[in-house]
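Good morning, everyone. Please have a look at the model on the screen, and I'll walk you through it.

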Amino acid sequence: GGNGLGMRTVTSDGIRVFELSGAVPLVRLAATAAPVDTVMEGVQALLERAGQGDWAGSVVYNWEGEASAASVLGGGGQVTYVRPTGGHLNADVRSEGPELLVFNESYDPGWRASVNGAAAKVLRVNAVVQGVVVPAGRSRVEFRYRPRGLVGGAMVSAGAIILLAVGFGRRAARGRPPQPQTARDV
């Protein structure tokens, strides 16, 4: 098959799904990954490649002005992944050298990643998706999504609840009748 939308039977009782043949996988290792300094340079590089073909294998990644630390990545390896929820992805990677693991989910600053338990920089790949650099050997990569502003919003909400509770507590104390004093025999 070529590229196109088709139907595929997925169960013995005839359940069928739409399938886009020729689409790139959700998670993959880039055949080659070249650094660019800005998103616009990435877009320009992609436009230049438009007539040349290899969209699935070659990518560009935005190193955000740190091009001196960036390098061309790629070479080979294998990746398997599970996505337990929409905001969580785990991938196991075996690579021959430093690689760019591409996660074909829209780039968003709310995504965080770790490689072998250490925080990893999430890179903008092909101007619209994301990825992380993985070292040679075996790696465990985790992506988690937390919308920007979630922690700040939760703190504001918690503060408002505390202020309301304090305010209601004071109001309730003012509205109580005086408590009778009892004399103690000494």
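Predicted model: local features only at pLDDT ≥ 70, side-chain atom pairs only at ≥ 80, totals over all residues.

Now its contacts. Leave out residues up to four places away in sequence. S114 then touches A119, A120, R140, V141 and E142. Remember V141 from that list. We'll come back to it.

Let's zoom out. The protein chain has two helices and 13 strands. Of its 186 residues, 26% count as buried. The chain exposes about 12,100 Å². Carbon and sulfur atoms supply 57% of that area. Next, contacts along the chain. Take those with a separation of 6 or more. Residues 24 or more positions apart account for 63% of them.

Now the inside. In soluble globular proteins, nonpolar side chains tend to be buried together. How many residues does the largest nonpolar core have here? The largest nonpolar core has 15 residues. L101, V132, V134, V141 and F143 have the most contacts inside it. Which elements give two or more residues to this core? They are β3, β7, β8, β9, β12 and β13. On the screen, β3 covers 27-29, β7 covers 88-95, and β8 covers 99-103. Then find β9 at 111-115, β12 at 129-134 and β13 at 137-145. There is also a second, separate core, with eleven residues. That second core includes Y61, L100, V125 and V129.

Back to V141, as promised. Set aside its neighbours within four places in sequence. What is V141 in contact with? V141 is in contact with L89, N90, A91, V93, L101, S114, V115, V132 and V134.

G117 lies in the loop between β9 and β10, and β10 is 118-120. Is G117 buried or exposed? At 71% relative accessibility, G117 counts as exposed. G117 and V141 are 24 residues apart along the chain. Their C-alpha atoms are separated by 7.9 Å.

Next, V133. V133 has its place in strand β12. V133 is partly exposed, with a relative accessible area of 30%. V133 and L101 are 32 residues apart in sequence. In space, C-alpha to C-alpha, they are 6.2 Å apart. What does V133 contact, neighbours within four places aside? The list is W63, L73, E99, L100, V115 and L123.

A quick stop at R28. R28 is found in strand β3. R28 is buried, with a relative accessible area of 8%. R28 and Y81 are 53 residues apart in sequence. Their C-alpha atoms are 9.3 Å apart in space.

How many cavities of 30 Å³ or more does a search of the whole structure find? That search finds one. The largest cavity has a volume of about 40 Å³. Which residues line it? They are V36, T38, V39, G42, V60, Y61, N62, R124, N126 and A127. The lining divides into five nonpolar residues, four polar and one charged. α1, at 39-49, and β5, at 58-62, each supply at least two residues of the lining. β5 gives the most, with three residues.

Where is N126 found? N126 is found in the loop between β11, at 123-125, and β12. A127 has its place in the loop between β11 and β12 as well. Check the backbone here. N126 has a positive phi of about 50°, although it is not a glycine. A127 has a phi near 70°, again a positive value in a residue other than glycine. Buried or exposed? N126 is buried, with a relative accessible area of 13%. A127 counts as buried too, at 14% relative accessibility.

That's the tour. Thank you.

How values were computed
Residues numbered from 1 in each chain as written. Heavy atoms only, no water. Core = buried A, V, L, I, M, F, W, Y, C linked by side-chain atoms within 4.5 Å. Buried < 20%, exposed > 50% of the residue type's maximum accessible area, 1.4 Å probe, protein only. Helix = DSSP H or I, 4+ residues; strand = E, 2+ residues; numbered from the N terminus. Contact = heavy atoms within 4.5 Å. Areas by Shrake-Rupley, 256 points an atom, 1.4 Å probe, with all protein chains shown as cover. 1 Å grid on protein atoms, 1.4 Å probe; cavity = no way out; pocket = protein on both sides within 12 Å on 5 of 7 lines; lining within 4 Å. Points joined across faces, edges and corners; volume = space filled by probe spheres on them. Nonpolar A, V, L, I, M, F, W, Y, C, P; charged D, E, K, R; others polar.
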